[in-house]
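Here's a quick briefing to read alongside the model. Have the viewer open and follow along, topic by topic.

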Amino acid sequence: MKPAARRPLLLCALAAAAALSFLLVAPPPPLAAHLSSLLAFPASPYAGRPKLLFLLAGQSNMAGRGLAPYPLPAPFRPHPRVLRLAASRRWVVAAPPLHADIDTHKACGLGPAMPFAHRLLQEAGSGESSLVLGLVPSAVGGTRIWMWAKGEPLYEAAVARARAALGAGGGTLGAVLWFQGESDTIELDDATAYGGRMKRLVNDLRADLGIPDLLVIQVGLASGEGNYTDIVREAQKNIKLRNVILVDAIGLPLRDDQLHLSTEAQLRLGDMLGQAYLKFNSSTDSRQ
Ligand SMILES: *[C@@H]1O[C@H](CO)[C@@H](O)[C@H](O)[C@H]1NC(C)=O
Ligand SMILES: *[C@@H]1O[C@H](CO)[C@@H](O)[C@H](O)[C@H]1NC(C)=O
């Protein structure tokens, strides 16, 4: 482990600070009033219902850095049957930014999970009006995959949140949505170790959650912080484990920093993730 990579995670800042800093990236009122109503974290009447759960993990593009336009496009808006496990482990109505109280060291914006959830609800239609989705945000910006190894704080926090989600009202874990690796493109050692570390992560998660066939949907990198993005992308494509699939974000539009997915890109990615989940769920060999 290189000392340089030991950047502080700064997990100590208050959620309120993240919520306020989100307002700074947005235009002035009336957007501010609009967002503050979204940030009120209302409790949900569906909190006690069994949920189809999704663990959201990785780094900034999973946490979301897309800027919030006004009005918010429909796929990013709250829905009564889309819940979020807050940092306090309370189920609240999900409203962006979903990671405001989790990824607290940066201003969070729009990520893929709301459009993903809307895609699933849309597919379920009126026929399955009982479908309640529970999103479990756990991503933290700027993190390398070694920081997600079993025993490290991020891994343990994600497992603890997934267990809490399964316990609080119950339900089943539909998948882990994993979007990470941009920070592993800076140093060649990290890039070449990526595949092995990812495999171990999948195996550890499955063992610790007691779900041997747990679906893991990886997002193929659309960008990188360093020069070894192609090596990490190849590693992602070559994870040969059952029920690990890849949804490739390459080519989706990036923000000016050439690192973060734009709002439009996150919307498209969420939709692609939703389609991938639905396809997996309807395939005959996916039954556990
Ligand atoms: C990527 O390569 C270029 C050209 O060799 C170099 O100038 C740059 O510092 C490298 N970037 C990183 C993050 O190592
Ligand atoms: C997943 O598949 C099962 C069995 O076909 C179906 O009953 C359920 O509605 C599907 N779930 C979603 C979210 O589409």
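Leaving aside residues up to four places away in sequence, which residues does V136 touch? The list is L53, F54, L55, L56, L85, R161, A162 and A165. Keep in mind that this is a predicted model. The protein chain comes to eight helices and seven strands, and 44% of its 288 residues count as buried.

**Core and contacts**
- The largest nonpolar core has 70 residues, and V136 is among those that touch the most other members, along with L55, L56, L135, V176, L177 and I217.
- As general background, nonpolar side chains in soluble globular proteins tend to be buried together.
- If you take the chain's contacts between residues at least 6 apart in sequence, 80% of them join residues at least 24 apart.

- Seven strands make up an open sheet in the order 3-2-4-1-5-6-7, and the pairing is mixed.
- Strand 3 and strand 7 (244–248) sit at the edges with a single partner strand each, so one side of each has no neighbour in the sheet.
- On average, neighbouring strands here are turned by 30 degrees against each other, ignoring direction.
- Eight bridges pair strand 1 (residues 51–58) with strand 5 (residues 171–179) in the parallel sense, and L55 stands opposite V176 in strand 5.

**Around strand 2**
- Strand 2 (residues 82–85) points V82 and R84 one way and L83 and L85 the other, and all of them are buried.
- Strand 2 runs parallel to strand 4 (residues 133–137), joined by three bridges, with V82 opposite L133.
- Three bridges also link strand 2 to strand 3 (residues 91–93), this time antiparallel, and L83 stands opposite V93.
- Strands 2 and 3 form a hairpin with five residues between them, and R89 in the turn has a positive phi of about 70 degrees.

**Helix 4 and its neighbours**
- Helix 4 packs on the sheet, where it touches strand 1, strand 2, strand 4 and strand 5, and its direction makes about 165 degrees with that of strand 4.
- Helix 4 (residues 113–124) also packs against helix 8 (residues 263–282), at an angle of about 45 degrees and with the axes 7 Å apart.
- That angle is why helix 4 counts as oblique to helix 8, and the crossing is right-handed.

Key
Residues are numbered from 1 along each chain as its sequence is written. Chains are lettered from A and ligands numbered from 1 in the order in which they are written. A nonpolar core is a set of buried Ala, Val, Leu, Ile, Met, Phe, Trp, Tyr and Cys residues joined through C-beta atoms within 7 Å. A residue is buried if 20 or more other C-beta atoms lie within 10 Å of its own, exposed if 12 or fewer, and partly exposed in between; C-beta atoms are placed from the backbone. Two residues are in contact if their C-beta atoms, placed from the backbone, lie within 7 Å. Helices (H or I, at least four residues) and strands (E, at least two) are DSSP runs, numbered from the N terminus. Two strands pair if DSSP finds at least two bridges between them. Axes are lines fitted to C-alpha atoms, for helices over the stretch in contact, and angles run from 0 to 180 degrees between N-to-C directions. Angles under 35 degrees count as roughly parallel, over 145 as roughly antiparallel, 65 to 115 as roughly perpendicular and the rest as oblique. A crossing is left-handed if the near helix is turned anticlockwise from the far one by less than a right angle, and right-handed if clockwise.
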